Amino acid sequence: MQELTLAVIGIDFPNTDGSNCRSEAMMTLPGEPIELIPEPTNKHDSNAIAVMSPRGVQLGYINAERAPYSGGRMARGEKD
């Protein structure tokens, strides 16, 4: 599997459910699987992609410059 490194932004903002992004990021170990969830109805950016921890807690978002590229790969079903 090809490795892809992406910056996660918004880690200092609280989640709408009250969970803490930074705390969750500190509990996420290197190599743990994360989930990327496109948010086409996001009011700030229709290309937004949420980054979720292995426990289902949001860590932040892929930065706006990389989200269209990553979203395109996801839409094409690319896994690596």
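**Close-up views of a predicted model**

**View 1. Valine 51 and its contacts.** Apart from residues up to four places away in sequence, valine 51 touches Val8, Ile34, Glu35, Leu36, Val57, Gln58, Leu59, Gly60, Tyr61 and Ile62; contact means heavy atoms within 4.5 Å. The model is a predicted one, in which local features need pLDDT of at least 70 and side-chain atom pairs count only at pLDDT 80 or more, while totals for chains, interfaces and linings use all residues. Residues are numbered from 1 along each chain as its sequence is written, and side-chain values use heavy atoms, with hydrogens and water left out.

**View 2. The largest nonpolar core.** Five residues make up this core: Ile49, Val51, Leu59, Ile62 and Ala67. At least two of the core residues come from β3 and at least two from β4. A nonpolar core is a set of buried Ala, Val, Leu, Ile, Met, Phe, Trp, Tyr and Cys residues joined through side-chain atoms within 4.5 Å. Buried stands for under 20% relative accessible area, exposed for over 50%, and partly exposed for values in between (1.4 Å probe, protein chains only). In soluble globular proteins, nonpolar side chains tend to be buried together.

**View 3. Glutamine 58 in strand β4.** Glutamine 58 lies in β4; strands (E, at least two residues) and helices (H or I, at least four) are DSSP runs, numbered from the N terminus. Glutamine 58 counts as buried because its relative accessible area is 17%. Its side chain reaches the backbone oxygen of glycine 60 at 3.1 Å. Leaving aside neighbours within four places in sequence, glutamine 58 is in contact with Asn15, Cys21, Ala50, Val51 and Met52. Arginine 22 is 36 residues away along the chain, and the C-alpha atoms of glutamine 58 and arginine 22 are separated by 9.7 Å.

**View 4. The second largest pocket.** This pocket has a volume of about 440 Å³. Of its 23 lining residues, the closest to the centre are Asn42, His44, Gln58, Gly60 and Tyr61. A pocket is an open set of points on a 1 Å grid over the protein atoms alone, where a 1.4 Å probe fits, with protein on both sides within 12 Å along at least five of seven lines; lining residues have an atom within 4 Å of a point. The volume is the space filled by probe spheres set on the points, which are joined across faces, edges and corners. β3 (49-52) and β4 (58-62) each supply at least two lining residues, and the largest share, four residues, comes from β4. By class, the lining has twelve nonpolar, eight polar and three charged residues. Ala, Val, Leu, Ile, Met, Phe, Trp, Tyr, Cys and Pro count as nonpolar, Asp, Glu, Lys and Arg as charged, and the others, Gly among them, as polar.

**View 5. Alanine 48 in a loop.** Alanine 48 is placed in the loop between β2 (35-38) and β3. With 7% relative accessibility, alanine 48 is buried. Beyond residues up to four places away in sequence, alanine 48 touches Ile37, Pro38, Glu39, Asn42 and Tyr61. Alanine 48 and glycine 71 are 23 residues apart in sequence and 8.3 Å apart in space, C-alpha to C-alpha.

**View 6. Two residues of helix α2.** Proline 68 lies in helix α2 (residues 67-75), and serine 70 also lies in α2. Proline 68 is partly exposed, at 41% relative accessibility, whereas serine 70 is buried, at 5%. Leaving aside neighbours within four places in sequence, serine 70 is in contact with Leu6, Ile49 and Ile62.

Key:
Polar contact = N/O pair within 3.5 Å; in protein donor to acceptor, adjacent residues only side chain to side chain.
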